Amino acid sequence: MKIRQGGVADVGTVLAMFDSAVAWLAAQGRTGQWGSEPFTGNDKREAQVRAWAESGGMRIAEVDGVPAGTVTVGAVPPAYVEPAKVAELYVQALVTDRRFAGLGVGRALLEWSYGEAARLGVAVLRVDCYAGDDGRLVAFYESCGFRRAEPFTVGTWPGMVLERELTGA
């Protein structure tokens, strides 16, 4: 697996990754996280992916040269989450193309993010995620070394902020 810088040329690829995740979740009746409609063709979601691509914080994981997942990190958390009281790096987006499920792509991208946080000298790597349904997404982040920091809601959408402290920061 190779992790490379992402950019505007990757917008369509990243949208397709989200589309595959949405379709997989919807097929399981799990529409609470991202709904049941593809990101592709949704102006708001396409603009968000483009903004991530333009931010400089997007990375693309490739398996045998094929894009398999993406992460975007940045310094500023979303408006619905309180900033950390210490210097932080924030995972703004993480998704794996479902064709590569089970290969550790998401974990590898989170480990890259942790390494980037260490390189930047921040004290904590944080992420927020959907905390509804059976809680499997929160459990995934916990299995990657994150701990629950605080629950939140956006409207009726339940979320959880998780954090992973950096040793020696």
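**Helices across a seven-stranded sheet**

Helix α3 (residues 105-120) lies across β1, β2, β3, β4, β5 (124-130) and β7 (157-165), and runs at about 165° to β4. Contact here means heavy atoms within 4.5 Å. Helices (H or I, at least four residues) and strands (E, at least two) are DSSP runs, numbered from the N terminus. Axes are lines fitted to C-alpha atoms, for helices over the stretch in contact, and angles run from 0 to 180 degrees between N-to-C directions. The model is predicted: local features need pLDDT of at least 70, side-chain atom pairs count only at pLDDT 80 or more, and totals for chains, interfaces and linings use all residues. Residues are numbered from 1 along each chain as its sequence is written, and side-chain values use heavy atoms, with hydrogens and water left out.

The sheet itself is open and has seven strands in the order β1-β2-β3-β4-β5-β7-β6, with mixed pairing. Two strands pair if DSSP finds at least two bridges between them. At the edges stand β1 (2-5) and β6 (147-154), each of which pairs on one side only. Strand β1 pairs with β2 (residues 58-63) in the antiparallel sense over four bridges; Arg-4 has Ile-60 in β2 as its bridge partner.

Helix α2 (residues 43-54) also lies across strands, namely β2, β3 (66-74) and β4 (88-96), and runs at about 95° to β2. How do the axes of α1 and α2 cross? The axes of helix α1 (residues 11-27) and α2 come within 10 Å and cross at roughly 125°. That angle makes α1 oblique to α2, as angles under 35 degrees count as roughly parallel, over 145 as roughly antiparallel, 65 to 115 as roughly perpendicular and the rest as oblique. In this contact, Val-11, Val-14, Leu-15 and Phe-18 in α1 meet α2 residues including Arg-45, Val-49 and Trp-52.

Phe-18 also takes part in an aromatic pair. Rings of Phe, Tyr and Trp (its six-membered ring) pair if their centres lie within 6.5 Å; planes under 30 degrees apart count as stacked, over 60 as edge-to-face and the rest as tilted. The structure holds nine aromatic pairs. One of them, Phe-18 with Phe-39, is stacked, at 4.5 Å centre to centre and 5° between the planes. Phe-18 lies in helix α1 and Phe-39 in the loop between α1 and α2, so this pair ties together parts that are 21 residues apart in sequence.
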